[in-house]
Amino acid sequence: MVKRNPHFSRLSKNYLFPEVTRRARSFENLISLSIGDTSEPIPHAITEAMKKAATQLGSRKGYRGYGAEQGNAALREKISEVIYKGKISADEIFISDGAKCDIGRLQILFGSDKTIAVQNPAYPVYVDTGLMLNQKVVYMECLPENNFFPNTFPDADLLYLCSPNNPTGSVATHAQLENLVQWAKKSNTFIIFDAAYSGFIQDPTLPESIYEIEGADEIAIEVSSFSKLIGFTGVRLGWSVIPKNMTYAEGGSVHDDYTRVVTTFFNGASNISQAGGLAALDHPDEIAKLSTYYLENARLIKKALESKECRIYGGENAPYLWVDFGKIESWDLFQMVLEKTKLITTPGSGFGSCGEGYLRFSAFGNRTQILNAVKRIETQWPEQLSP
Ligand code: MLT
């Protein structure tokens, strides 16, 4: 018999969201405020572009097989222009099937002898993929006292930062990112900046990309996604930026190595998804409509929770509410809320020890579900969590 990869013993049995689903399985009439899965239909102009791309595949003239592993050139150009305003060039952008998959590929790029620094709490994929590779993980406490941004940065090869943050809903400021970039340059650390929720930023003073910071292109990779931007959680489309200015300690191009990774075990994102992504970037009004819709959901949930015994963070520039219930353990909170209201939330401890005592509420439901959820919070809330 083959022996199990020993690093898997460092992982919890299930990934967070399948575990949430398992625990909620026996309940009926559920409303999910758990995984951040979009619910609004994809705007017509974008589905039309995907339809056209699919139809073309059915004709001899329009049929295409493999595309470039790095992605369709027109889409890379468009991302460079619309998202990065030309600060990042098209050939520094790698189109993918999503930010989560890119995080896994980046771990392969850097390998197992690395130390990674992650926010505590954090999106569990950074830690879990790191553990699978036997990387060393060090944590940066992110608490309300420091606006959920690390006070100090530990010694590490790679530092993950997610802004707008999943799960806390906080957004790093220009000053905080400038400080981080300066530190990273001095300490020879690469930053992996997760910008998957940047489309939700409403405050124009907040940075939407790490490349708004001078010099970040020497030490930072950015991953991002169409999932939350335009409802592509099922369509699958994302991208990563590996700037050409990034070099290793001993010299050599990080971009060249990532090209090697991508061309070796990725055959490019679906050509139909890429046609949809291209159309989406031609319709910024549709992108804005969707984010406004989900942020209104966040406002409604927040208002309902305001009369309860809790402190609420996030929801203004991010589609998540991070709710502190004090001393009660997160999985107990999850269970109490589930039993009384049939609402599925996400236990904060699933994002790290600093999430203990918290629940995360996702605002990605449709409005009817959200209004029902609000009614349940108002009328069926557990007594132990009421003032
Ligand atoms: C979440 O709920 O944290 C996200 O939807 C998960 C993901 O994007 O993979």
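## Domain contact

In this predicted model, 34 residues of domain 1 are in contact with 45 residues of domain 2. Domain 1 comprises 6–42 + 285–385, and domain 2 covers 44–281. Taken over C-alpha atoms, the centres of the two domains are separated by 25 Å.

## Nonpolar cores

The largest nonpolar core holds 84 residues, of which I79, F110, L177 and F226 touch the most other members. This core lies between domain 1 and domain 2, because both domains give residues to it. A second core is separate and has 35 residues, including L16, L300, I312 and F325. In general, nonpolar side chains in soluble globular proteins tend to be buried together.

With residues up to four places away in sequence not counted, I79 touches Y84, I93, I95, F226, W239 and L281.

## Helix α4 against α8

Helix α4 spans residues 99–110 and helix α8 spans residues 254–265; their axes come within 10 Å and cross at roughly 120 degrees. That angle makes α4 oblique to α8. The crossing of the two helices is right-handed.

On the α4 side, the residues that meet α8 are D102, R105, L106, I108, L109 and F110. Their counterparts in α8 are V254, D257, Y258, V261 and F265.

## Helix α4 against α5

The axes of α4 and α5 also come within 10 Å, and they cross at roughly 35 degrees. This crossing, too, is right-handed. An α-helix has 3.6 residues a turn, so residues three or four places apart point the same way.

## Burial of helix α5

Helix α5 (residues 124–132) is largely enclosed by the rest of the structure, because eight of its nine residues are buried. The buried residues are P124, V125, Y126, V127, D128, T129, G130 and L131. They pack against helices α1 (16–24) and α4, and against strands β3 (115–120), β4 (136–141), β5 (158–162) and β6 (190–194).

N134 follows α5 and has a positive phi, near 65 degrees.

E40 is found in the loop between β1 (31–32) and α2 (44–57). This residue is partly exposed, with a relative accessible area of 23%. Leaving aside neighbours within four places in sequence, the contacts of E40 are L290, Y293, Y294 and N366. E40 and S12 are 28 residues apart in sequence, and their C-alpha atoms are 32 Å apart in space.

S227 has its place in helix α7 (residues 227–230). Its relative accessible area is 6%, so S227 is buried. Beyond residues up to four places away in sequence, S227 touches T38, F232, T233, R236 and L237.

Methods: Residues are numbered from 1 along each chain as its sequence is written. This is a predicted model: local features need pLDDT of at least 70, side-chain atom pairs count only at pLDDT 80 or more; totals for chains, interfaces and linings use all residues. Side-chain values use heavy atoms; hydrogens and water are left out. A nonpolar core is a set of buried Ala, Val, Leu, Ile, Met, Phe, Trp, Tyr and Cys residues joined through side-chain atoms within 4.5 Å. Buried means under 20% relative accessible area, exposed over 50%, partly exposed in between (1.4 Å probe, protein chains only). Domain bounds come from an automatic or database domain assignment. Contact means heavy atoms within 4.5 Å. Axes are lines fitted to C-alpha atoms, for helices over the stretch in contact, and angles run from 0 to 180 degrees between N-to-C directions. Helices (H or I, at least four residues) and strands (E, at least two) are DSSP runs, numbered from the N terminus. Angles under 35 degrees count as roughly parallel, over 145 as roughly antiparallel, 65 to 115 as roughly perpendicular and the rest as oblique. A crossing is left-handed if the near helix is turned anticlockwise from the far one by less than a right angle, and right-handed if clockwise.
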